[in-house]
Amino acid sequence: MATVGLAEFLGNIISEAGVSGHEDKVAAVVQKGMSGLFDEARTDALGNLIVLKRGIGRAPHPRVMLAAHMDEIGLMVTKIEDQGCLRVTQIGGIDRRILPGLEVIVHGRKKLPGVVGAKPPHVQERGEREKSVKWEDLYVDIGLAGDEARELVQIGDTITFAQTPIKLQGQFMAGKTMDDRAGVGVLYECLRALKTMRHHADVYCVATVQEEVGVRGATTSTYGIVPDVGIAIDVGFGDQASVPEYQSISMDKGPGISIGPAVHPAIHERLKSVAGELEISVQVDPSPHPGGTDAFAIQIARAGIPTALISIPLRYMHTAVETVCLTDIERAGRLLAEFIVRIDKKFVEGLKCF
Amino acid sequence: MKDLLKNLVEAFGPAGNEGPIREILRTEVEGLVDEVKVDALGNLIAIRKGSGPRVMIAAHMDEIGVIVTHIDEKGFLRFSNIGGISPFMLIGQRVVFANGTVGAFGAEKLDDIKDLKLNKMFIDIGAKDEKSAKEKVTIGDIGAFYRQANFQGDRVIAKSLDNRAGCAVLVKTLKELAGREIPNQVYAVFTVQEELGLRGAKTAAYGVNPDVGFAVDVTGTGDTPEAPTMAVKLGEGPTIKVKDSVVLTHPRVRQFMMEVAKNKGIPYQLEILERGGTDTGPIHLTREGVPSGAISVPTRYIHTPSEMADINDMENAVKLFVAILEAKLDEAIL
């Protein structure tokens, strides 16, 4: 079965809704998109999609876990007012300044288009425009009031950004939830590359759930898989105006290979040396703070897992127009495939010797 | 329910010092279950053996309190908090220690009451000096609020409804189920140290290794004057949790709970608690993950010595729990 190109795969998966805790639909799209590239797929109790591509040769096979989270930030209905507006709270970290004027989809009894309301500048109090609107003053309007709204919407319904994928110039692509569906794109590229390669390691590609609310899916999926090597693929701050150079990695210069407390130095070195050997462009990305990505959850699972972190440069994180460069995703996928085919017993055992 | 609740809320048991409340609960559940045990952290685990999936139902039995950090030469005690405590609600309150010593909270002179912090406050046990104070308390002693419960109609005002209300719901649920055949094994756990970061539930769930988990705790309301936006009211039924700071209830579990409530005609409300966590958090992240849900008792003025709840919400929480545990959970959820 022929696989689609990266842009199409990515476009398909970012178009599906999957606010943290509600990832079942996006999991289905991811699994369908990856069909033909794996031996087994299952979802666990929390909804993590675990795709296994078996290694060849004599057992035991080293176990490699690649994790990218498929959940997205979004809103949740907390109250339905009689005037028709839906009161909301955030799921994951949302900068509420980006919300007024945004088009959204309310996932009620059916998909309902909605808009995030804002007070007209004409009737604002003096100085109001200088401040960001408070959560209690934000609301979503679906065009129905009170009981009519309650017919279709209930408390707990999720709301996603309505943004459809945008093909920018060159290899740049924008849309909602590139954080971290771009990482899922890396898993896809890696599996596509591995299809024609011989590898001894069993490869568990996990599209994790609930990363945005506290790396919850990676916590349980790592416990279940017990990998010898764990690699989280997430997004990093791409260079953009207003973000200092020392806090960002460059777009279209290859994935960031993170170094920091969550990263096992020997895996970091191996990733860099494989990239060097094959002339795959990468960037070293210091990640001084543990937590914040699935790498942290993987690292501290069970008795501890040797872990690494790869970051895809991304601009405008946690907005509806998160922007990535497809070449960075392709390079990360190829790098991981080449890293995996080089994994042997000696490397895995070496990770436990300091 | 009222007698049980009074007995539970007035019992002593700040986080890490759950001995007295644990003994009361042990007495309540013995005879209702097949086995009662206490784990290394002090969680009380009441087990109904049988067949079917293992279901853990949890309510934390600890309460918030204070810990003595220093005793000065005049016999005044400095203290720190055990769990979430606002200094403003301590003014005028009394504390009781495990040995029965009672103290009043006092504050230093402040130019502006907004500057009130716990480290500007002290406990006065009426001691004349350091020596006589030390005869009654030592550094590290933990105290709880000293309040009796009041019942007015269907409403109760008491300390520690968080979460003795949940404990009462669990005890009553076990009473209702006693002697009845159900298609699930039940591990009812009265957890410790929830108020310090959901600690007891974490180890208890690891030990129990449940197939499905449910917690019962209290939740806030939005039905008081100028309250924060929250679509939960006292007396309109227990809540089925959608979200709090530590869990997003699995949609299938939430749906199942709502269907059970609808089928049995039990009133319920949907709950989104924007700040605060419950034992459901650690339970659902146990091992490879456990599908988990939560029922809450709507409660006003949480983490004060005068929390308020409605008895009917607790009675309905019991009905909902019983109906859930009578269902074939392996077919409904797993």
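This is a predicted model: local features need pLDDT of at least 70, side-chain atom pairs count only at pLDDT 80 or more; totals for chains, interfaces and linings use all residues.
Ser242(A) belongs to the loop between β13 (229–237) and β14 (256–259) of chain A. Although Ser242(A) is not a glycine, its phi is positive, at about 85 degrees.

Val215(A) also has a positive phi, of about 40 degrees, without being a glycine. Is Val215(A) buried or exposed? With 24 other C-beta atoms within 10 Å, Val215(A) is buried, because the cut-off for a buried residue is 20 or more. Val215(A) lies in the loop between β12 (202–208) and α5 of chain A.

A further backbone feature of chain A is a cis peptide bond, which runs from Ala59(A) to Pro60(A) and has an omega near 0 degrees. Pro60(A) is placed in the loop between β2 (49–53) and β3 (63–69) of chain A.

On confidence, the predictor assigns the complex an ipTM of 0.90 and a pTM of 0.93. For chain B the mean pLDDT is 96, and 100% of the residues of this chain reach 70 or more.

Chain A is assigned a domain 1, made of residues 6–72 + 176–350, and a domain 2, made of residues 74–161. Taken over C-alpha atoms, the centres of domain 1 and domain 2 of chain A are separated by 33 Å. Their contact involves 11 residues from domain 1 of chain A and 13 residues from domain 2 of chain A. On the side of domain 1 of chain A that touches domain 2 of chain A, 4 residues are nonpolar, 4 are polar and 3 are charged.

Chain B is likewise assigned two parts: domain 1 covers 2–63 + 159–332, and domain 2 covers 65–145. The C-alpha centres of domain 1 and domain 2 of chain B are 31 Å apart. Here the contact draws 12 residues from domain 1 of chain B and 12 residues from domain 2 of chain B. The side of domain 1 of chain B that touches domain 2 of chain B holds 5 nonpolar, 4 polar and 3 charged residues.

The two chains also touch one another. How many residues does each chain bring to this contact? Chain A brings 22 residues and chain B brings 15 residues. On chain A, at least two residues come from each of β4 (74–80), β5 (85–91) and α5 (216–225). The largest share of the side of chain A that touches chain B is that of α5(A), with 5 residues. By class, the side of chain A that touches chain B has 6 nonpolar, 11 polar and 5 charged residues.

In chain A, helix α4 (residues 178–194) has 17 residues, and its first and last C-alpha atoms are 23 Å apart, close to the 24 Å expected at 1.5 Å a residue. Of the 17 residues of α4(A), 16 are buried, so the rest of the structure largely encloses this helix.

In chain B, helix α2 (residues 19–29) has as buried residues Ile21(B), Arg22(B), Ile24(B), Leu25(B), Glu28(B) and Val29(B). These residues span an arc of only 160 degrees around the axis, so they lie on the same side of α2(B). The elements of chain B against which they pack are α1 (2–9), β1 (35–38), β2 (44–48), α4 (161–177) and β12 (185–191). Just after α2(B) comes Gly31(B), which has a positive phi of about 95 degrees.

One of the elements packed against α2(B), helix α4 of chain B, is where Asn163(B) is found. The peptide bond from Asp162(B) to Asn163(B) is cis, with omega near 10 degrees.

Ile324(B) counts as buried because 25 C-beta neighbours lie inside 10 Å. Which residues does Ile324(B) touch, not counting residues up to four places away in sequence? They are Phe214(B), Met257(B) and Val260(B). Ile324(B) and Asp111(B), by contrast, are 213 residues apart in sequence and 55 Å apart in space, C-alpha to C-alpha.

Key. Residues are numbered from 1 along each chain as its sequence is written. Chains are lettered from A and ligands numbered from 1 in the order in which they are written. Domain bounds come from an automatic or database domain assignment. Two residues are in contact if their C-beta atoms, placed from the backbone, lie within 7 Å. Ala, Val, Leu, Ile, Met, Phe, Trp, Tyr, Cys and Pro count as nonpolar, Asp, Glu, Lys and Arg as charged, and the others, Gly among them, as polar. pLDDT is the predictor's confidence in each residue, from 0 to 100. A residue is buried if 20 or more other C-beta atoms lie within 10 Å of its own, exposed if 12 or fewer, and partly exposed in between; C-beta atoms are placed from the backbone. Helices (H or I, at least four residues) and strands (E, at least two) are DSSP runs, numbered from the N terminus. The arc is that of the directions from the helix axis to the C-beta atoms. The expected span of a helix is 1.5 Å times one less than its number of residues.
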